[in-house]
Amino acid sequence: MLYTGMIEAFIIVFILSAVGSLVLNMIFRFFGKKGYLGNLYPNVRGGIPRAIGLVPFIILCFFFLPKYNTLVLIMGLFAFFDDVLGRTPSPIGIEWGQISRGVGMLFVMIAGFYFGFGISSIFIALLVQPINISDMQPGSTCMVTVIMSVVTIICMLIVGSPQVSELPAIYTPLLLIIVCIAYSPLDFAGKIMLGEVGNHSFAIALGICFYLIGGFWWLIVLSFVTVCLTAFVRRSTLKIFFNQRLGILNPTFGDFFMDVLTGGGLGDLFRRIILKTKQYDVENPFLIKLGFRRLLYNPYAPTHGSNEQNNAYKVRLDGS
């Protein structure tokens, strides 16, 4: 009876995710073309609805494990504010979207401690970073989410993960796979975007799945694998980005890894705080392979002026 109920629930979830994504896409396109949606209908390839991830987010809030769905709810709400506010600057010089995301991650950590995740709640929240970076090209977040959910299921079966809330442990990654696959066709086609509300919700759900395999160390190991997988999936577009935007020529896999791990708005914010206006020039071959050129790339360092001025902000890591 239990497994029959699970199958019925998964069928309902698949239909809700597939149909809901199609319907929300049509609604967003209708209002977006009339200019009513702002950041939720960016002018990309003639206009693409953003935050269609609202559908997976809502489904996960209702069908995910009791208590744990609260973490998805918290992150998803703050992530949706991020989608709506976008790159609008706040009075303190930080984008409102970044503030909303950071506050959401902080509340997830606090709620995670309350629900018994302990220090693991910090790393569940931090998984938002690589999954968010994966959502920079069509279908990549869905690909990463499905692959890592399959890996999670295999690990759960191998170690014999215990039941959670009277459900088999594999219920959680199976649910995530079904929601993601049903949503994904238009995303792979480049017709819709998950938005922060979608990819952040997937990130928290994945982190919880990793934890449910067997605790903290499973979360750490599979989070590392997720970063590596995301870097591999995005390697082609990242190579172009490095060459054309960052001036990092012949990037290594370490550079891709560091971009996924520390890139984006929050990563650049920490660089601004820590590095200020300094630009570290990495020349050590070993550090280059590890990705230190990307790790220490400071977008806030001066990029104009004389060579003497620019060199004043560079500190070499080769001992010279």
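Because the model is predicted, local features are reported at pLDDT of at least 70 and side-chain atom pairs only at pLDDT 80 or more, whereas totals for chains, interfaces and linings use all residues. Residues are numbered from 1 along each chain as its sequence is written, and side-chain values rest on heavy atoms, with hydrogens and water left out.

The protein contains 17 helices and 2 strands; these elements are DSSP runs numbered from the N terminus, with helices (H or I) of at least four residues and strands (E) of at least two. Its radius of gyration is 20 Å, close to the 20 Å that the globule rule gives for 320 residues, so the protein is as compact as a globular protein of that length. The radius is taken over C-alpha atoms, and the globule rule is 2.2 Å times the number of residues to the power 0.38. Along the principal axes, the C-alpha atoms fill a box of roughly 75 × 50 × 35 Å. Of the 320 residues, 51% are buried, where buried denotes under 20% relative accessible area, exposed over 50%, and partly exposed the range in between (1.4 Å probe, protein chains only). Contacts are defined by heavy atoms within 4.5 Å; among those with a separation of 6 or more, 70% join residues 24 or more positions apart. The protein exposes about 15,500 Å², of which carbon and sulfur atoms supply 68%. Accessible areas were computed by the Shrake-Rupley method with a 1.4 Å probe, and for residues only the protein chains shown count as cover.

Helix H8 (residues 171–183) comprises 13 residues and reaches 18 Å from its first C-alpha to its last, close to the 18 Å expected at 1.5 Å a residue; the expected span is 1.5 Å times one less than the number of residues. This helix is mostly covered, with 11 of its 13 residues buried. Among the buried positions of H8 are Tyr 171, Pro 173, Leu 176, Val 179, Cys 180 and Tyr 183. In helix H10 (residues 195–214), the end C-alpha atoms are 30 Å apart, which agrees with the 28 Å that its 20 residues should span at 1.5 Å a residue. Since 18 of the 20 residues of H10 are buried, this helix is largely enclosed by the rest of the structure. H10 is followed by Gly 215, which has a positive phi near 110°.

A salt bridge is counted where a side-chain nitrogen of Lys or Arg lies within 4 Å of a carboxyl oxygen of Asp or Glu. By this rule the count comes to 6 salt bridges. One of them joins the side chains of Glu 196 and Arg 50, at 3.9 Å from N to O. This pair links distant parts of the chain, with Glu 196 in helix H10 and Arg 50 in the loop between H1 and helix H2 (54–63), 146 residues apart. Arg 50 is partly exposed, with a relative accessible area of 22%, whereas Glu 196, at 8% relative accessibility, counts as buried. Glu 196 also forms a salt bridge with Arg 101, the closest N and O atoms being 2.8 Å apart. Arg 101 lies in helix H4 (residues 96–114) and Glu 196 in helix H10, so this pair ties together parts that are 95 residues apart in sequence. Both Arg 101 and Glu 196 are buried. Arg 50, Asp 82, Asp 83, Arg 101 and Glu 196 are linked in a network of salt bridges.

A further salt bridge brings together the side chains of Arg 294 and Asp 259 (2.6 Å, N to O). Here the partners are Arg 294 in helix H16 (residues 292–295) and Asp 259 in helix H13 (residues 253–262), 35 residues apart. Arg 294 and Asp 259 are both buried.

Leu 266 is placed in helix H14 (residues 264–275) and is buried, with a relative accessible area of 15%. Residues up to four places away in sequence aside, Leu 266 touches Gln 98, Arg 101 and Met 105.

On the surface, a nonpolar patch with about 1,200 Å² of accessible area together includes Ile 7, Phe 14, Ile 27, Tyr 36 and Ile 181. Patches consist of residues with over 30% relative accessible area and no salt bridge, with like charges joined within 9 Å and nonpolar side chains (Val, Leu, Ile, Met, Phe, Trp, Tyr) within 5 Å. Helix H1 (residues 2–33) gives the most to the nonpolar patch, with 10 residues. Ile 27 is found in H1 and counts as partly exposed at 40% relative accessibility.
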